[in-house]
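Trainee: I am new to this structure. Please walk me through it with questions and answers.

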Amino acid sequence: MKRMDLRGTSATTDAIRRQLPRAAFDITAAVEAVTPIIDSVIHEGASAIKDCAERFDHVRPDRLKVPADQIRAALDGLDPAVRGALEVSIEHNRAGHTVQLPTTQHATIIPGGTITQRWVPVQRAGVYVPGGLAVYPSSVVMNVVCAQVAGVSSIALASPPQREFGGLPHPTILAACALLGVDDVWAMGGAQAIAGLAYGFDDEGDVCEPVDVVAGPGNIYVAAAKRVVSAHVGIDAEAGTTEIAILADGDAHPAFVAADLISQAEHDPAAASVLITDSEPLADAVEAEIQRLAPLTAHTERIMTALSGPQSGIVLVDDLDAGLRVVDAYAPEHLEVQTENAAEVALRVRNAGAIFVGPYTPVPLGDYVAGSNHVLPTGGTARYAAGLNVGQYLRSQQVVEYSHDALEALTDDLNTLACAEDLPAHGAAALIRREEGGRND
């Protein structure tokens, strides 16, 4: 891994941000590539989606909607150990997402005048689950459980058709859908799937109704498609390649740190793994452990490509305070804190998608069974964005109710402001109630 030595410097946050390793994520070209695909889905519907499947997935599904018996069969054929682990993940994620639910609040502005702040779920959500270098039933759990806890009544799920499974999504994906009670499942991937969810289509009587929100991870073309359709539906985020930062001091366990850097590098050759430390001996020890552990994995070449790439590296800092400045400048998707008093240090972090505290809280725990969501902001967007949560499927709605006397008490002020803005009809809407009289409260 390349090293960046920030010791003895007093660089600004902006200067640090410019120097830190970061995966390139230029979505502009991808937007240009997916726009014609989205347009074809809007105008040609299912046939365009099938054409794209034949082109990109090398299989043309006969039907885009997955038959219910295939979903049930996938669950029946699921390895019992995998089923048990998925059930644990579902249970833990329901608990973790339930605490995110906001509560209805009531405010009395004046006697007889109230505002009720309530939260209303969207009616229909679209969930995208990628297929590529790996199979991600955990992404089914993360997205679907979040929407269900929010109260979404209708969920459509899309995942790419697989040639080796006759044009259906991977059976483990289908099994996860069965466990969650999702039967509106579509064999479509990439930008065409995002367009299909957003605009809807009819495939010879199988109708995919348009959704209100599209969520879920994917490659750069999926992210680009979400940007394009965001003028029409809500989206969760434009997720880029996964990244981990580990803030560690000299007491951290080198093998633990190395294993966690490797775990994220396993996702993709472009995945980012960054160690931030004030201990050069730890940095040396971690590199030695990487050389020992990486060859023992199933994806050594992919891991070593990611760890040696420009998006990964070791950042040396003077002390913990300097390390925290680097963390906030980097704003990682995943942050591990492996330092003395890690829980206290974690509270000082401002910018991170999710924080994993102490030596026994590795990021993969959050990927599967911790109860937290693993769909998180990447590319530094954790400075202003949050991970997938129930709020993505909820709308804040204010309900305003005033009595006759409450309106009367504010009519003069209302009319004064309306006239000051040269909108006298606004004031007249209140004055007429005074002039015409009558009470219905």
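**Cavities, a strand and some loops**

Trainee: How many cavities of 30 Å³ or more does the structure hold?

Mentor: This is a predicted model, where local features need pLDDT of at least 70, side-chain atom pairs count only at pLDDT 80 or more, and totals for chains, interfaces and linings use all residues. Residues are numbered from 1 along each chain as its sequence is written, and side-chain values use heavy atoms, with hydrogens and water left out. A cavity is a set of points, on a 1 Å grid over the protein atoms alone, where a 1.4 Å probe fits but cannot get out. Cavities of 30 Å³ or more in the structure number two.

Trainee: How much space lies in the largest cavity?

Mentor: Its lining residues, those with an atom within 4 Å of a point, include Asp236, Val375, Pro377 and Gln392. The lining divides into six nonpolar, two polar and one charged. Volume here is the space filled by probe spheres set on the points. For the largest cavity that is about 50 Å³.

Trainee: Which elements give two or more residues to the lining of the second largest cavity?

Mentor: The second largest cavity holds about 40 Å³ of space. Leu247, Ala248, Ile276 and Thr277 are among the residues lining the second largest cavity. Strands are DSSP runs (E, at least two residues), numbered from the N terminus. The elements giving two or more residues to this lining are β11 (243-248) and β12.

Trainee: How many residues of β12 are buried?

Mentor: Buried means under 20% relative accessible area (1.4 Å probe, protein chains only). Ala272, Val274 and Ile276 point one way from β12, Ser273, Leu275 and Thr277 the other way, and all are buried. For β12, the number buried is six of six.

Trainee: What is the handedness of the crossover from β11 through α10 to β12?

Mentor: Two strands pair if DSSP finds at least two bridges between them. β11 and β12 pair in the parallel sense over six bridges. A crossover is right-handed if, with the strands pointing away from the viewer, the path from the first strand over the helix to the second runs clockwise. This β-α-β crossover is right-handed.

Trainee: Which residue is the bridge partner of threonine 277 in β13?

Mentor: β12 also joins strand β13 (residues 313-316), in parallel, by four bridges. Within β13, the partner of threonine 277 is leucine 316.

Trainee: Is glutamate 204 buried or exposed?

Mentor: Glutamate 204 sits in the loop between β7 (201-203) and β8 (206-208). Its phi is near 50°, a positive value in a residue other than glycine. Most residues other than glycine have a negative phi. Exposed means over 50% relative accessible area. At 76%, glutamate 204 is therefore exposed.

Trainee: Where does UniProt place the feature "binding site", and how far apart are the positions?

Mentor: The unreviewed UniProt entry lists Thr242, Gln264, His267, His334, Asp367, Glu421 and His426. Such annotations may be inferred rather than shown by experiment. They spread over 185 residues of sequence, and in space, between C-alpha atoms, up to 57.4 Å.

Trainee: Why does histidine 267 count as partly exposed?

Mentor: Histidine 267 is in the loop between α10 (254-265) and β12 (272-277). Partly exposed covers the range between buried and exposed. Histidine 267 falls there because its relative accessible area is 27%.

Methods. 1 Å grid on protein atoms, 1.4 Å probe; cavity = no way out; pocket = protein on both sides within 12 Å on 5 of 7 lines; lining within 4 Å. Nonpolar A, V, L, I, M, F, W, Y, C, P; charged D, E, K, R; others polar.
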